[in-house]
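Q: I have a model open and would like to go through it with you. Can we start at the surface and then work inwards?

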Amino acid sequence: MTQPAVHPPVDPHGSGAAPTGGTPGDTAGTGGTGWGNGADTGVPASRHRRAPWRGLLVIALAGIPVGLLWWALAPTGLNLISRDPALASGSNPSTWLPRDLVLAGLYLAAGCVGGILAAGSKPASLPPLTVIGAVAAGAVGALLAWGTGVLAGAVFTPAGDTSASASIAFSLRAYAVLLVWPAATALSIFVASLFGHPDQEP
């Protein structure tokens with residue numbers, strides 16, 4: 001007497017084949033929360049690929065408030081740092097260097113914050129393309145901040161006669177300051193990759 005054949009249970013929602021390995025929730029990305037790393041959240045990989053560019057856009061657009069802050073804090077602008085009447089006019093050459101230094105300090109802070117945010121929790125696994133994008137976004141942010149501050153100075157604090165020197169108007173004399181933001185971004189990512197937690201290999 002023949003025994004009836006026993007068939008394995010079939011999953012009505014799947015292809016009928018049981019999983020052969022792995023754990024539930026495994027995804028292609030194994031990185032942390034950085035913009036360039038995939039996250040084990042079940043979100044499609046295309047979402048992870050688009051996410052970094054949103055963060056890089058935020059870095060670049062941060063140049064607008066940074067430029068307004070430069071005009072508000074620096075001499076020959078609103079001069080909120082010193083509040084010294086002698087530093088309120090661009091016709092005083094002693095205001096030119098502090099004006100550039102205020103922008104350099106703002107660039108340094110913005111670059112460090114942007115680099116730390118771009119690095120995320122696992123900077124060692126950050127894709128090179130994301131690093132390049134973060135540095136480029138910092139350069140764009142520096143240009144936006146410079147232009148925004150100069151525009152604010154021209155609109156709200158006109159310098160009058162600038163025939164003696166263009167620096168009498170609210171402006172930037174040392175253009176090398178524009179490199180501070182992208183350089184600070186690259187340096188903060190590098191430091192984060194050195195002292196950050198190494199990735200755990202399975």
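Q: Which residues make the nonpolar surface patch of about 550 Å²?
A: That patch is made by L187, F190, V191, L194 and F195, where a patch takes residues with over 30% relative accessible area and no salt bridge, nonpolar side chains being joined within 5 Å. A salt bridge here is a side-chain nitrogen of Lys or Arg within 4 Å of a carboxyl oxygen of Asp or Glu, and the areas come from the Shrake-Rupley method with a 1.4 Å probe.

Q: Is L194 buried or exposed?
A: L194, which is found in helix α5, counts as exposed at 52% relative accessibility; buried means under 20% relative accessible area, exposed over 50%, and partly exposed in between.

Q: What should I keep in mind about where these values come from?
A: This is a predicted model, in which local features need pLDDT of at least 70 and side-chain atom pairs count only at pLDDT 80 or more, while totals for chains, interfaces and linings use all residues. Residues are numbered from 1 along each chain as its sequence is written, and side-chain values use heavy atoms, with hydrogens and water left out.

Q: And the overall fold, how many helices and strands?
A: The protein chain has five helices and zero strands, these being DSSP runs of at least four residues (H or I) for helices and at least two (E) for strands, numbered from the N terminus. Of its 202 residues, 35% count as buried.

Q: Which residues of α4 are buried?
A: They are T130, G133, A134, A137, G138, G141, A142, A145, T148, G149, A152 and G153. An α-helix has 3.6 residues a turn, so residues three or four places apart point the same way.

Q: Changing topic, how many aromatic pairs are there?
A: The count comes to four aromatic pairs, taking rings of Phe, Tyr and Trp (its six-membered ring) with centres within 6.5 Å, where planes under 30 degrees apart are stacked, over 60 edge-to-face and the rest tilted. One of them is the tilted pair of Y107 and W181, at 5.7 Å centre to centre and 45 degrees between the planes.

Q: What does that pair tie together?
A: Y107 lies in helix α3 (residues 96-119) and W181 in helix α5 (residues 180-195), so the pair ties together parts that are 74 residues apart in sequence. Y107 is buried, with a relative accessible area of 0%, and W181 is buried too, at 1%.

How values were computed. Buried means under 20% relative accessible area, exposed over 50%, partly exposed in between (1.4 Å probe, protein chains only). Patches are made of residues with over 30% relative accessible area and no salt bridge: like charges are joined within 9 Å, nonpolar side chains (Val, Leu, Ile, Met, Phe, Trp, Tyr) within 5 Å.
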